[in-house]
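Let's take a friendly walk through this structure, one feature at a time. Keep the viewer open and follow along.

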Amino acid sequence: MPSVAPRPRRPRPAAVLGLLLLLAAAPACSTAPEPGPRSPAAGPGAAAPAAAPAAAEGAAEGESSFWVDPNSEAARQVAAWEATGRYADAQVLRRIADRPVALWGRPGDPGPGIRLASAAAKASGRTLVLAAHNIPHRDCGQLPVGGAADARAYRGWIGAFADAIGDARALVVLEPHAVAHAVDGCVRAEHRAERLRLLSEAVDRLKKNRHTKVYLDAGDPGWIRDPADLAGPLREAGLDRADGFALNVSGFQPDAAVRSYGAELSRAVKGRHFVVDTGRNGEGPLPGDRERASCNPPGRALGTPPTDRTGDPLVDAYLWVKRPGESDGTCRGGPAAGTWWPEQALGLARRARDVP
């Protein structure tokens with residue numbers, strides 16, 4: 001792609017809110033592991049840009065009702081590359097920067113970051129996409145180890161998470177991998193009942209918020225082969241009181257396979273709807289062992305852009321829950337899980353087929 005001059009920018013209140021969000025809290029998001037810190041996009045000592053990319057309220061947001069963080073890692077990387085003359089790369093990276101991605105609640109106190117994002121989303125009339133990922137014994141002890149210390153700590157954490165949303169419009173993907181791990185035998189027997197009970201309580205707490213939608217995570221087609229195996233655990237986890245379930249979070253399964261799987265699971269749970277994470281599934285999964293293929297696999301691409309206009313009556317939204325460009329971990333030369341990795345982000349964006 002030839003060099004493209006940077007887009008003209010216009011100041012707006014959302015940029016101020018985005019900067020406050022950066023200063024107040026480092027957001028947390030990763031595949032399933034501990035969300036990592038937000039690292040400066042332009043390298044050590046670089047200052048965050050004073051203004052956000054204009055497209056955060058332009059064409060990309062017009063495609064959906066979801067809020068775009070004007071000061072995301074991707075947005076700051078675009079500004080940093082434009083400042084150093086990498087205009088072509090910056091333009092490609094706008095395929096991520098100009099689109100809504102989920103904010104993951106911090107494992108300590110999720111409140112400050114979520115409150116600021118909720119205020120910004122509410123001011124713009126948009127819906128904030130969130131992921132709650134702090135269940136005790138999270139990810140069966142896989143590195144990096146994380147999750148609330150016990151049931152009491154988790155109840156306090158999810159309460160703070162819900163309080164911070166307030167009356168803003170929000171869509172919450174609840175506990176990626178938690179139910180699937182309860183089904184695949186990864187969760188120890190003595191912890192299984194507690195996990196499903198905590199998830200059910202979390203659904204009830206989040207649904208006390210008038211404008212919060214909740215989708216319980218249910219893995220992906222490459223994980224739990226028979227979706228009927230998820231039906232009972234999902235009901236125990238409060239699915240009947242939630243808005244639906246989520247599929248392919250942090251995964252790479254293609255849209256068609258996920259929709260087919262979701263339709264089958266929907267039939268097993270009385271027609272519940274679902275949302276799909278499409279952030280990195282543009283080229284499908286890397287062949288080979290599932291665990292190795294899911295950690296910073298090379299050659300992947302962005303998938304369907306986030307939208308609540310899916311054309312499928314069972315699919316409520318395509319979302320970018322796992323934030324494209326954030327590392328899965330130190331595999332394949334990556335930085336710590338959840339850390340922004342600009343070259344990986346650029347590769348995902350370059351290989352995108354259906355993302356303008």
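This is a predicted model: local features need pLDDT of at least 70, side-chain atom pairs count only at pLDDT 80 or more; totals for chains, interfaces and linings use all residues.

## Disulfides

A disulfide joins Cys 295 to Cys 331, with an S to S distance of 1.8 Å. The link of Cys 295 and Cys 331 is left-handed, with -85° about the S-S bond. It ties together distant parts of the chain, 36 residues apart: Cys 295 lies in the loop between helix H11 (290-293) and strand S7 (315-319), while Cys 331 lies in the loop between S7 and helix H12 (342-350). The two ends fall into separate burial classes, because the cut-off for buried is under 20% relative accessible area. Cys 295 counts as buried at 18% relative accessibility, and Cys 331 is partly exposed at 22%.

What is the distance between the sulfur atoms of Cys 140 and Cys 186? They are 1.7 Å apart, and the two residues form a disulfide. Cys 140 counts as partly exposed at 28% relative accessibility, and Cys 186 counts as partly exposed at 29%. The count comes to two disulfides. With the bonded cysteines numbered in sequence order, the pairing reads 1-2, 3-4.

## Helix H10 and its surroundings

Next, a helix to select in your viewer. H10 covers residues 255-268, 14 residues in total, and reaches 20 Å from its first C-alpha to its last, close to the 20 Å expected at 1.5 Å a residue. Which residues of H10 are buried? They are Asp 255, Val 258, Tyr 261, Gly 262, Ala 263, Leu 265 and Ser 266. An α-helix has 3.6 residues a turn, so residues three or four places apart point the same way. The buried residues of H10 pack against helix H9 (228-236), strand S5 (244-247) and strand S6 (274-277). Just after H10, Lys 270 takes a positive phi of about 65°.

Pro 221 sits in the loop between strand S4 (212-217) and H9, and is buried, with a relative accessible area of 13%. Leaving aside neighbours within four places in sequence, Pro 221 is in contact with Gln 253, Ala 257, Val 258 and Tyr 261. The C-alpha atoms of Pro 221 and Val 258 are separated by 6.4 Å, although the residues are 37 apart along the chain.

## Where H4 meets H12

Two packed helices are described by the angle between their axes and the distance between the axes. Helix H4 (residues 87-97) and H12 pack at an angle of about 80°, with their axes 8 Å apart. That angle makes H4 roughly perpendicular to H12. On the H4 side the contact is made by Asp 89, Val 92, Leu 93, Arg 95 and Ile 96, and on the H12 side by Ala 345, Leu 346, Ala 349 and Arg 350. By type, the residues of this contact divide into six nonpolar, no polar and three charged.

The buried residues of H12 are Gln 344, Ala 345, Leu 346, Gly 347, Leu 348 and Ala 349. They pack against helix H3 (73-83) as well as H4.

## Positive phi in two loops

Asp 139 has a positive phi of about 55° although it is not a glycine. Asp 139 is placed in the loop between S2 and H6, and is buried, with a relative accessible area of 6%.

Is Ser 250 buried or exposed? Ser 250 is buried, with a relative accessible area of 5%. Its phi is positive too, at about 65°, and Ser 250 is not a glycine. Ser 250 is found in the loop between S5 and H10.

## The whole chain

Stepping back, the secondary structure comes to twelve helices and seven strands. Buried residues make up 58% of the 356 residues in the protein. Among contacts between residues at least 6 apart in sequence, 77% join residues at least 24 apart.

Definitions and conventions:
Residues are numbered from 1 along each chain as its sequence is written. Side-chain values use heavy atoms; hydrogens and water are left out. A disulfide is a pair of cysteine sulfur atoms within 2.5 Å. Buried means under 20% relative accessible area, exposed over 50%, partly exposed in between (1.4 Å probe, protein chains only). Helices (H or I, at least four residues) and strands (E, at least two) are DSSP runs, numbered from the N terminus. The expected span of a helix is 1.5 Å times one less than its number of residues. Contact means heavy atoms within 4.5 Å. Axes are lines fitted to C-alpha atoms, for helices over the stretch in contact, and angles run from 0 to 180 degrees between N-to-C directions. Angles under 35 degrees count as roughly parallel, over 145 as roughly antiparallel, 65 to 115 as roughly perpendicular and the rest as oblique. Ala, Val, Leu, Ile, Met, Phe, Trp, Tyr, Cys and Pro count as nonpolar, Asp, Glu, Lys and Arg as charged, and the others, Gly among them, as polar.
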